[in-house]
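This report goes through the structure shown below part by part. Keep the sequence and the 3D view open while reading.

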Amino acid sequence: MKGFFFRQAWQNLIQNLWINAFTLATITLSFLIFGLFLLVAVNARELLEEWGSRIRVTAYLSDGVTAEETNRLQDTIRSLQEVQAIIFRSKEDALKSLEGKFPGRTGLLKGLSRNPLPASLEIQLKPAFRDKAGVDRVAGKLKALQGISDLQYGAEWVERFSAFMILLQVLGAGVSGLLLVATILIVANTIRLNIFSRREEIEIMRSVGATGLFIRAPFYLEGIFQGLAGAGLALGILFVLFHLFWAKVYDPLKILLGNFPLHFLAGEQGAGLVLGGLILGFLGTQVSVGRYLKV
Amino acid sequence: MDEIFPEEEGAKKAPEIGPLGDAVSLWASPSEFLPVEVIHVSKNFEDGQQALNDVSLRIEKGKFVYLMGANGAGKTTLLKLLYAAERPTAGELRVNGFDVTRLKVREIPRLRRSLGIVFQDLKLIPRWSVFGNVAFALQVLGLGKDEILKKTSQALQQVGLEGKGNFLPYQLSAGEQQRAAIARAIVNQPALLLADEPTGNIDFHAAEEIVRLFEGINLQGTTIFLATHDEGLAAILPQERVVLERGRIVENSLPPTLPEA
């Protein structure tokens with residue numbers, strides 16, 4: 001019996017080839033756009049997390065702070081709830097770091113009579129506080145401590161990027177939602193046309209004693225197939241586009257972007273996309289079968 | 001109407017032997033269900049037309065009965081009531097043990113699967129092969145592939161269409177299409193076969209072959225209720241007959257009462 005259903009569904013797809021091809025193309029396009037937003041959102045979130053991890057407060061120590069005072073300062077700062085880790089950079093470390101940024105020009109720095117660079121404490125914050133509010137809170141506490149001559153911090157750029165990402169996600173969700181509703185309606189319309197073109201056949205099947213399920217099952221298979229195929233095709237096209245983008249755009253600019261690794265959708269995300277196609281295909285069919293196929 | 005439906009006594013009475021050498025009575029023993037029981041059935045359509053008016057009849061198992069009458073007499077309407085394509089305005093119908101009058105919509109497929117129906121317009125699915133059309137009557141029963149193959153082949157052979165299984169309906173002659181429709185109706189070996197003008201569009205010679213085909217099916221035990229307007233057809237194979245005129249039974253070859261023991 002199952003073989004009969006699949007054969008019928010396949011015959012129906014072939015019989016109304018152009019209508020079904022158009023539906024498939026529309027579903028593919030919808031899922032492609034949805035997949036694109038998803039891909040951007042996934043990678044941007046990872047980028048945001050990666051940049052967020054670089055948020056830190058640098059506290060420059062006053063000249064003359066002793067090693068003991070530096071240790072006490074570190075202990076005090078480490079005890080703050082916002083602080084995850086502290087890295088101490090001595091004056092010599094700072095000078096070496098500066099020399100490293102100017103290879104071939106170290107002679108200029110050797111001419112200095114003394115090392116003007118201060119020692120510093122690089123304070124890394126816990127993930128929950130890696131935003132402007134968290135940074136401002138820590139900075140406020142550090143300003144009150146003795147031995148700190150200056151503070152360097154800035155989370156505005158991360159905040160702006162985060163806000164942009166939220167906007168992008170909302171926009172993506174909105175557009176994708178509309179596209180997915182359109183997908184359901186397009187599948188529903190195609191199935192409705194198929195039901196209409198086969199109404200005499202359906203009547204004959206009823207006359208011979210076919211149950212409602214027997215008549216409806218091939219239509220559901222059609223809709224599910226269209227949804228699956230559309231989502232699958234979209235995933236395939238997205239994969240090709242991603243690799244083209246990687247080769248032609250990302251790879252040449254990788255260094256400027258800080259060698260941030262770009263990822264395609266994970267296995268479960270891809271599977272979720274395809275499953276979504278199946279569900280939408282089923283829902284689209286249900287809309288039409290429930291309304292136009294009363295058997 | 002009491003003489004038509006005498007008191008049911010419970011004990012099976014021996015039927016009277018008629019001129020054809022078999023039982024002529026349409027009134028079955030009450031101790032088993034009848035293929036067809038029509039009890040005071042009327043059918044009025046929405047436009048006010050009365051298609052059937054107080055029709056009553058019973059058909060015993062294994063009988064071959066013609067339902068005769070001119071076009072518009074109500075033959076097709078009566079058959080449609082029997083397979084629940086229409087609902088009666090009044091009265092009761094029982095078919096193969098189903099109370100058709102009270103049958104729920106979802107139970108109608110079960111009724112139809114227990115019957116063999118040859119429709120006036122054949123109702124062969126154009127894009128399916130002859131084999132596919134016939135096999136469908138078994139597929140709806142959920143039978144396995146091998147069994148479907150075997151029974152469909154047998155049915156096609158029985159109607160003389162072996163070798164034409166792969167043909168599409170339009171590739172067959174009118175008579176062959178009729179045979180294909182009959183094959184679909186008998187492939188599930190139904191207890192009751194309803195046929196609506198099965199020789200309507202074919203010549204007399206082909207019609208005669210069709211009637212002989214029905215005779216063979218009947219001899220295998222299937223009850224046949226065949227609607228036709230063609231007196232010549234009934235003359236090929238005289239059987240019991242019920243005649244409708246403007247929705248009423250005007251002639252009945254049956255004795256009005258059960259024979260006495």
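## Model and burial

A residue is called buried if 20 or more other C-beta atoms lie within 10 Å of its own, exposed if 12 or fewer, and partly exposed in between. The model discussed here is predicted.

Take K143(A) as a test of this rule. K143(A) belongs to helix α6 (residues 132–143) of chain A. Is K143(A) buried or exposed? It has 11 other C-beta atoms within 10 Å, so K143(A) is exposed. The C-alpha atom of K143(A) is separated by 9.1 Å from that of A59(A), although the two residues are 84 residues apart along the chain.

## Domains and helices of chain A

The domain assignment divides chain A into domain 1 (2–51 + 158–292) and domain 2 (56–154). Taken over C-alpha atoms, the centres of domain 1 of chain A and domain 2 of chain A are 52 Å apart.

Helix α9 (residues 212–253) of chain A has 42 residues and, at 1.5 Å a residue, should span 62 Å; its end C-alpha atoms are 59 Å apart, which agrees. At W246(A), α9(A) bends by about 45 degrees.

Helix α2 (residues 17–52) of chain A has 36 residues and should span 52 Å at 1.5 Å a residue; the distance between its end C-alpha atoms is 51 Å, which agrees. The buried residues of α2(A) include N20(A), L24(A), I27(A), F31(A), F34(A) and L38(A). An α-helix has 3.6 residues a turn, so residues three or four places apart point the same way.

## Strand β3 of chain B

How many of the 5 residues of strand β3 (residues 64–68) of chain B are buried? The count is 5 of the 5, so β3(B) is largely enclosed by the rest of the structure. F64(B), Y66(B) and M68(B) lie on one side of β3(B), with V65(B) and L67(B) on the other, and both faces are covered.

β3(B) pairs with strand β8 (residues 223–228) of chain B in the parallel sense, over 5 bridges. One bridge joins F64(B) to I224(B) in β8(B). β3(B) also pairs in the parallel sense with strand β9 (residues 240–245) of chain B, over 4 bridges, and L67(B) stands opposite V242(B) there.

M68(B), in strand β3 of chain B, has 22 other C-beta atoms within 10 Å and is therefore buried. Beyond its neighbours within four places in sequence, M68(B) is in contact with T228(B), H229(B), A234(B), R241(B) and V243(B). The C-alpha atoms of M68(B) and E245(B) are separated by 8.7 Å, with the residues 177 residues apart along the chain.

## An open sheet in chain B

Chain B has an open sheet of 4 strands, in the order β2-β1-β4-β5, with antiparallel pairing. β2 (50–59) and β5 (98–99) of chain B stand at the edges with a single partner strand each, so one side of each has no neighbour in the sheet.

The partner of β5(B) is strand β4 (residues 90–95) of chain B, and the two pair in the antiparallel sense over 2 bridges. V95(B) has F98(B) in β5(B) as its bridge partner.

## Where the chains meet

The contact between the chains takes 12 residues from chain B and 10 residues from chain A. On the side of chain B that touches chain A, the elements giving two or more residues are α2 (108–113) and α3 (130–139) of chain B. The residues on that side of chain B are 7 nonpolar, 2 polar and 3 charged.

Definitions and conventions
Residues are numbered from 1 along each chain as its sequence is written. Chains are lettered from A and ligands numbered from 1 in the order in which they are written. This is a predicted model: local features need pLDDT of at least 70, side-chain atom pairs count only at pLDDT 80 or more; totals for chains, interfaces and linings use all residues. Two residues are in contact if their C-beta atoms, placed from the backbone, lie within 7 Å. Ala, Val, Leu, Ile, Met, Phe, Trp, Tyr, Cys and Pro count as nonpolar, Asp, Glu, Lys and Arg as charged, and the others, Gly among them, as polar. Two strands pair if DSSP finds at least two bridges between them. Domain bounds come from an automatic or database domain assignment. The expected span of a helix is 1.5 Å times one less than its number of residues. The bend at a residue is the angle between axes fitted to the seven residues ending there and the seven starting there.
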